[in-house]
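Hi,

Here is the structure I promised to pass on. Have a look at it first, and then read my notes below.

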Amino acid sequence: MADFWTDAFEKFGVMVVGLAAFAVIVGVLLFFADRAPKKGRDFWQLLAFVAPAMLLLLVGLIYPAIRTTYLAFTDRSGNEFVGLRNFEWMFTQPEIITVLLNTVVWVIVVPLLSTIFGLAYAVFIDKAHGEKILKSLVFLPMAISFVGASIIWRFVYEYREQGFGEQIGILNQIIVWVGGEPQQFLQNSPWNTFFLIVVMVWIQTGFAMVLLSAAIKGVPVEIVEAARLDGANAWQQFRNVTLPGIRGTLVVVITTISIATLKVFDIVRSMTAGQFGTSVVANEMYTQAFRRAEIGQGSVLALTLFIMVLPIVIYNVRVMRQQKEIR
Amino acid sequence: MSSTLRRRVLGPAAAIGALSLVLAGCAADTEEPGAGGAGGDADCAEYEQYGSFDGETVEIFSTIAEVEADNLELSWADFASCTGITIDYVSSQEFETQINVRAQAGDAPELAIIPQPGLLQRLIAEGYVVAAPDSVEANVDEFWSESWKSYGTVDGEFYAAPLMASVKGYVWYSPADFEENGYEVPATWDEMMALTEEMAANGADNAAYRPWCVGFASGDATGWVGTDWVEDAVLRFAGPEAYDQWVAGDLTFASPEITEAIELVGDILLDPAYVNGGFGGAESIVSTTFQDGGFPILEGNCSMHHQASFYEAQWGEDVTVAPDGDIWAFLTPPAAEGDPFAVTGGGEFVAAFSEDEATAAVQTYLSSDLWANNRVALGGVISANQGLDASLASSELAVQSIEILQDPDTIFRFDASDLMPAAVGAGSFWTGMTDWVLGELTTDQMTAFIDGTFPR
């Protein structure tokens, strides 16, 4: 008991001292920024406010990014320079090519399906009875962690061979009820990748739905009414009024989901651990760098992931900027 | 009004309740070691040789958790109170990655209990591990066989002493099932195959029955069970020299010796008439967890299950593991009768990252016969320490395993996948075996795939 208190005091004491020191340093910095010479005061004040954030970015983002890039050109220990050998490895090993292809499939299918389902749902329940409840139902999976969702879905896909006891997985039980043969959904390549994708779509649809629903409500009522008066049918209204009105949000939704999908790791790791040809770049990066101690090969995959995310981020930023200009 | 009041009172009340629960848990934890068997009134005479270090703290970092960790802490409770060293035990499921990270960051623990020689040798090669003090080496020379010492040695320099051990290659079976059907424990691999055939014929009327039940699934380590099968076959058919060359990468997977061993395993694992009792065909092996793998024996849906000695703990409380009990095990038989007795196994090694004297004292104690006897007496584990009194072990299987490990005629080889570079031993060997039993790779494709990933 006494141990507990001394231990707790030690930890919290350190924390309190740390916070106090931080407050003092910030206070002193701001004090001097305030008292800075008139000439260039703006600059000094700007520096005082921006410097801590820049420093953290430098230590936590820029430096690791540069070091990872460097490591991508080194061997497994990270000490010897090997030129482009890791890139050659990445594009010649059949299982790594599968990894790259899987990632491409993920990043095409997940944003597309999540957005389509989310948008359709948002349009259909718009102004419907019990809209809030209907929305919460689809949004609920968002609240579940990826690992939790993976465990739930692993039960859905559970497999027992016919004649070897009852099915535990609901999907195989349904197949058996309609007279089919149970399937090893998570083991049968290449379809297993799609069964993993289902989990991600299940989670992301709620996200897409909530954002798009809010955007639909933001479409000016006057335009909708004008379209209706002009005799536009439901589809024409949707196509020519709603869709252009929510374009900005649509781009944000698609790009956000794309980036999340590129980084998908938890689902693959907890459902198949990347076996049976289901691995994706993020999972393979972790496996190579940390499990197999192939630092160079892990880094080259990290670099690839970075390069794949880059155009999406750039596009996202550009659209946001255009939107700002319109406003 | 009343609802806000309730919230104001109930919130803190609940918090205090939760806090006191947490505190109660802590209190129970700290009291436990003193109350346990090996703790209590320590006779410090045994520990005098290790010296006295008041106020020194040694951190031990390891994968071992839960009950095993409690027993580990009990095993050095007396040592700690007599020498005055505080042993700070830390365990992590992510040990294999964390030890690399901590060593690289200059934040290494004083001691680490490393379950894979491959990982140990990598840490030594990168210069993080300090050489073992003479007192540890003297203990190891006295109490351990040459091959065990060699796993902790790099370039003639001795670094890490072995700790505990397990014997792999046991075949679990039900003595009652064997007696009822007139089966005999096979003395050679051929007899085992003949027995398999006989069992398959006898069990034909039960659609879910197969002679063998196998489970490969183990999260991101899925497939390691298969590597144990191959290792047993290689050691028995190709011999210990070939085994060592194979581990070192001098003998490829595609070489005739290794391919032959893999094919022998395939005669069982790839034949839908022989696997996978209680679960399905050969392809169900990969979706069956290794923990569940042997249970169909209890239901009569399978007769044999190949798994290491630690599987004893899986059977549960109400299953007796004894030659005349519900479950017992024989060692995977040799290739031919009269072959020398060969087993594969695993174990841990204690590596030091600090040269201070308290660390050396702990390290010396852990490599002694005194520690081995203290720990084994607490039950659940065995050690290959020659100074260990086998009668202290907690079960008949443990006694038998210790005797096998201590027998000077036993040819012991460490689990090959733990010795190989991680890219193979914790990578392509696992995934290769998995794809192979799924039927997605032929034997030749699998061996070519694994050879392609072997860092040379």
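Before anything else, a word on naming: helices (H or I, at least four residues) and strands (E, at least two) are DSSP runs, numbered from the N terminus. Residues are numbered from 1 along each chain as its sequence is written, with chains lettered from A and ligands numbered from 1 in the order in which they are written. Keep in mind that this is a predicted model, where local features need pLDDT of at least 70, side-chain atom pairs count only at pLDDT 80 or more, and totals for chains, interfaces and linings use all residues.

**A loop in chain A**

Let's start with the loop between helix 12 (266-271) and helix 13 (281-291) of chain A, which holds A:Ala273. A:Phe276 sits in the loop between helix 12 and helix 13 of chain A too. Most residues other than glycine have a negative phi, and most peptide bonds are trans. A:Ala273, though, has a positive phi, near 55°, and A:Phe276, also not a glycine, has a positive phi of about 60°.

Are these two buried or exposed? A residue is buried if 20 or more other C-beta atoms lie within 10 Å of its own, exposed if 12 or fewer, and partly exposed in between, with C-beta atoms placed from the backbone. A:Ala273 has 22 C-beta neighbours inside 10 Å, so it counts as buried. A:Phe276 has 24 other C-beta atoms within 10 Å, so A:Phe276 is buried as well.

For a contrast, go to A:Phe87 in helix 3 (residues 85-92) of chain A. A:Phe87 has 14 other C-beta atoms within 10 Å, so it is partly exposed. Its C-alpha atom is separated by 8.3 Å from that of A:Ala72, 15 residues apart along the chain.

Two packed helices are described by the angle between their axes and the distance between the axes. Axes are lines fitted to C-alpha atoms, for helices over the stretch in contact, and angles run from 0 to 180 degrees between N-to-C directions.

Helix 8 (residues 191-217) and helix 11 (residues 247-262) of chain A pack at about 160°, their axes 10 Å apart. That angle makes helix 8 of chain A roughly antiparallel to helix 11 of chain A (under 35 degrees counts as roughly parallel, over 145 as roughly antiparallel, 65 to 115 as roughly perpendicular and the rest as oblique).

Which residues of helix 8 and helix 11 of chain A meet? From helix 8 of chain A they include A:Met200, A:Gln204 and A:Leu211, and from helix 11 of chain A they include A:Val253 and A:Ile257. Contact here is when the C-beta atoms of two residues, placed from the backbone, lie within 7 Å.

Helix 11 of chain A also packs with helix 4 (residues 94-125) of chain A, at about 145° and with axes 9 Å apart. Helix 4 of chain A passes helix 11 of chain A in a right-handed crossing. Among the residues making this contact are A:Trp106 and A:Val110 of helix 4 of chain A, and A:Val253 and A:Ile257 of helix 11 of chain A.

**Domains**

Domain bounds come from an automatic or database domain assignment. Chain A is divided into domain 1 (2-71) and domain 2 (86-326), with C-alpha centres 38 Å apart. Chain B is divided into domain 1 (44-165 + 345-408) and domain 2 (170-343 + 414-453), and here the C-alpha centres lie 30 Å apart. The contact between them takes twelve residues from domain 1 of chain B and 16 residues from domain 2 of chain B.

**Where the chains meet**

How many residues of chain B are in contact with chain A? There are 30, and they touch 21 residues of chain A. Helix 18 (422-437) of chain B is one of the helices that each supply at least two residues of that side of chain B, and it gives the largest share, six residues.

B:Ala208 lies in the loop between helix 9 (189-202) and strand 8 (210-212) of chain B. Leaving aside neighbours within four places in sequence, B:Ala208 is in contact with A:Gly163, A:Phe164, B:Gly278 and B:Asn301. B:Ala208 and B:Asn301 are 93 residues apart in sequence, yet 6.0 Å apart in space, C-alpha to C-alpha.

One last thing to look up: B:Val275 and B:Asn276 are joined by a cis peptide bond, with omega about 5°.

Enjoy!

Note on methods:
A crossing is left-handed if the near helix is turned anticlockwise from the far one by less than a right angle, and right-handed if clockwise.
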